[in-house]
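Good morning, and thank you for joining.

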Amino acid sequence: MKIKVGIGYDVHQLVSGRKLILGGVDIPHELGLLGHSDADVLTHAIMDALLGAAGLGDIGRHFPDTDPAYRGISSLVLLEHVMTLIRSLGYEVGNVDAVIAAQRPKLLPHMTDMKAKLGPLLGLEESDLNLKATTTERLGFEGREEGISVTAVCLLEKSS
Ligand SMILES: Nc1ccn([C@@H]2O[C@H](COP(=O)(O)O)[C@@H](O)[C@H]2O)c(=O)n1
Ligand SMILES: C[C@@]1(CO)OP(=O)(O)OP(=O)(O)OC[C@H]1O
């Protein structure tokens with residue numbers, strides 16, 4: 001069994017007039033995330049962890065933000081592409097763990113919905129997909145509610 005580890009990190013700015021999409025879930029909030037796609041920073045960090053583990057670079061390489069094809073696209077669609085790539089190399093995802101740094105809103109009530117969207121795409125059972133949230137105690141850009149950051153790690157497994 002070959003095992004590879006990956007890490008992903010992403011940040012998106014919080015602005016008015018945009019939706020707050022995390023893990024494919026539209027979370028009610030007065031601010032949303034700015035980006036070329038739907039700016040789903042959680043899904044982006046997970047994709048970067050997967051691509052990193054597979055030695056495939058990052059999401060900017062696969063989905064350039066200069067390409068109109070990706071304007072407003074659901075990041076879950078991009079995750080499906082990433083999973084196709086990962087599986088074409090013979091890998092399956094072992095587990096994913098992620099921490100979302102957001103001062104507000106409270107994300108715990110939305111974790112089950114996020115896991116229900118992401119788990120099937122990743123091919124993961126509930127216990128192998130862990131999502132966490134933390135405030136930064138009002139410190140830094142997340143604490144000032146200027147943006148949300150996510151750090152994600154994953155394992156990829158290939159039997160050989
Ligand atoms: N946006 C957030 C941030 C945190 N949580 C939950 O609150 C717990 C305590 O947060 P601290 O930053 O004080 O450690 C944290 O463990 C999360 O369960 C949340 O739901 N949404
Ligand atoms: C996802 C992509 C592609 O639409 O755009 P954004 O939503 O701006 O996200 P980011 O994490 O800045 O970079 C990756 C991009 O290529």
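Let me begin with leucine 33, which lies in strand E4; helices (H or I, at least four residues) and strands (E, at least two) are DSSP runs, numbered from the N terminus. This is a predicted model, in which local features need pLDDT of at least 70, side-chain atom pairs count only at pLDDT 80 or more, and totals for chains, interfaces and linings use all residues. Residues are numbered from 1 along each chain as its sequence is written, while chains are lettered from A and ligands numbered from 1 in the order in which they are written.

Is leucine 33 buried or exposed? Leucine 33 counts as buried because it has 24 C-beta neighbours inside 10 Å. The cut-offs are 20 or more other C-beta atoms within 10 Å for buried, 12 or fewer for exposed, and partly exposed in between, with C-beta atoms placed from the backbone. Beyond four places in sequence, the contacts of leucine 33 include His12, Leu14, Ile21, Val41 and Ile148; a contact requires C-beta atoms, placed from the backbone, within 7 Å.

Turning to the sheet, 5 strands form an open, mixed arrangement in the order E4-E1-E7-E5-E6, where pairing requires at least two bridges found by DSSP between two strands. E4 (32-33) and E6 are the edge strands, each pairing on one side only. E5 and E7 are antiparallel partners over 9 bridges, and asparagine 95 has leucine 155 of E7 as its bridge partner.

Glycine 6, in strand E1, is also buried, because 23 other C-beta atoms lie within 10 Å. Among the residues it touches outside its sequence neighbourhood of four places are Ala49, Leu50, Val153 and Cys154.

Now the largest nonpolar core, which has 40 residues. Such a core is a set of buried Ala, Val, Leu, Ile, Met, Phe, Trp, Tyr and Cys residues joined through C-beta atoms within 7 Å. Leu42, Ile46 and Leu50 are among the members touching the most others. Helix H1 (41-53) is one of the elements giving two or more residues, and H1 gives the most, with 9. Leucine 42 touches Leu22, Gly23, Ala98, Ile100, Met114 and Val150, leaving aside residues up to four places away.

Finally, ligand 1 is surrounded by Ala102, Lys106, Leu107, Leu108, Ala133, Thr134 and Thr135, each with its C-beta atom, placed from the backbone, within 6 Å of the ligand.

Key
Contact = placed C-beta atoms within 7 Å.
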